[in-house]
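Subject: Structure for you to look at

Hi,

Here is the structure I promised to pass on. Please open it first, then read my notes below.

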Amino acid sequence: MIRLEGLRFEVGAFALDASLDMAKGEYFVLMGPPGAGKSVLVECLAGLRVPSAGRIEIAGRDVTAAEPGDRGVGYVPQDYALFTTRSVYDNIAFGPQVRGLPDEEIDRRVREAVRLLDIERLLDRRRVQGLSGGERQRVALARALAVRPDVLILDEPVSALDESTRESVCGELRRLQRELGLTTIHISHNLEEAFSVADRGAVMQGGRIRQVGRLEELLRRPSSEFVARFMRCENIFLAACRGPGPGPDTTRAEASGAEFVLPGERRGQIQFAIRPENLAVERPGDRRERAGAAVLPVRLTRSVDRGAYVRLELDGAVHLVAHLAPRAFAELGAADGAELLAVVRPEAVHVIPQGT
């Protein structure tokens, strides 16, 4: 449905250099830190910036040089870019109007869009000033839908909303995308938001796409240290392989004096990551099956209740971070300063490919 081949755009010291494919009807999330190039990429796709090289295809058409209105793209910018001196109706009608559609068709599209978003009550508003953040977001989305796009681009669509409104709008965006079958690109730097709307996505850094895949794959199998850290994996180590591990098809590896057990047969220096939620924490006297696992003595230096989980900072030969469910932490019964054991099974270790 969407293909970007060798897309390049330079502004100042920044250079975008990206290739990417998205399937028809896919809800795709584009992630990365500020300055990664997410907005620049979608602005090139929407025709708001002209790339210096590369090719853009939408639904099999080369639209690299096409005008924004001829690309079949609906775009909701981060600040919504509503016309503050115009009515809600005129804001939504703007796209069909500039395309020269008849008044009856414009009215039909406006009313269809507000019905989809359940904002018919706003059509009588003479100004968009005074609307809540959620209402402004829906008006901007209705304006994008009124052009009946093949592709919908949402640039940080819920970043300005409070948490409860954000969750509600994300659910609405996902429902709407499924109902209309729209190919949707959603820019976000928030993992909870990304997982609530999309199945597949990409992580960007410095104008480059570092990894593309299902979100679960980005989370569990990052291709680089940058992607691992962006996906909130804090346990990342360089280690030297020391020979076969205690179990079949495993390897012992040492990082700063701590011995880990890695999956597979490996040699030399290696980098690996352990997600905090995959790290088990036990009391030294617990009688649990630990065969084949690395068992590291640690001291609980800090615990923070995050609601859905408790974050534990553990110091030993290496510094570790673990996430425990509140019930599991209560059963552990450990206060800050307690001597504990961090248990790392080989299947909890993800080896980061070399040279990424």
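Which residues in H4 meet which residues in H5? On the H4 side they are Gly 134, Gln 137, Arg 138, Leu 141 and Leu 145. On the H5 side they are Thr 165, Ser 168, Val 169, Glu 172, Leu 173, Leu 176 and Leu 180. Contact means heavy atoms within 4.5 Å. The residues of this contact divide into six nonpolar, four polar and two charged. Here Ala, Val, Leu, Ile, Met, Phe, Trp, Tyr, Cys and Pro count as nonpolar, Asp, Glu, Lys and Arg as charged, and the others, Gly among them, as polar.

A word on the source. This is a predicted model, where local features need pLDDT of at least 70 and side-chain atom pairs count only at pLDDT 80 or more, while totals for chains, interfaces and linings use all residues. Residues are numbered from 1 along each chain as its sequence is written, and side-chain values use heavy atoms, leaving out hydrogens and water.

Back to the helix pair. H4 covers residues 133-145 and H5 covers residues 163-180. They pack at an angle of about 15°, with their axes 11 Å apart. That makes H4 roughly parallel to H5 (angles under 35 degrees count as such). Axes are lines fitted to C-alpha atoms over the stretch in contact, and angles run from 0 to 180 degrees between N-to-C directions. The crossing of H4 past H5 is right-handed, meaning that the near helix is turned clockwise from the far one by less than a right angle.

Now the whole chain. Its secondary structure comes to nine helices and 20 strands. These are DSSP runs: helices (H or I) of at least four residues, strands (E) of at least two. The C-alpha trace spans about 75 × 45 × 35 Å along its principal axes. Of the 356 residues, 51% count as buried. Buried means under 20% relative accessible area, exposed over 50%, partly exposed in between, with a 1.4 Å probe and protein chains only. Among contacts between residues at least 6 apart in sequence, 65% join residues at least 24 apart.

Most residues other than glycine have a negative phi. Ala 59 has a positive phi near 55°. Ala 59 sits in the loop between strands E4 (53-58) and E5 (61-62), and is partly exposed at 48% relative accessible area. Arg 232 also has a positive phi, about 65°. Its loop runs between helix H8 (225-230) and strand E11 (235-244). Arg 232 is partly exposed, at 38%.

Best wishes

Note on methods: Angles under 35 degrees count as roughly parallel, over 145 as roughly antiparallel, 65 to 115 as roughly perpendicular and the rest as oblique.
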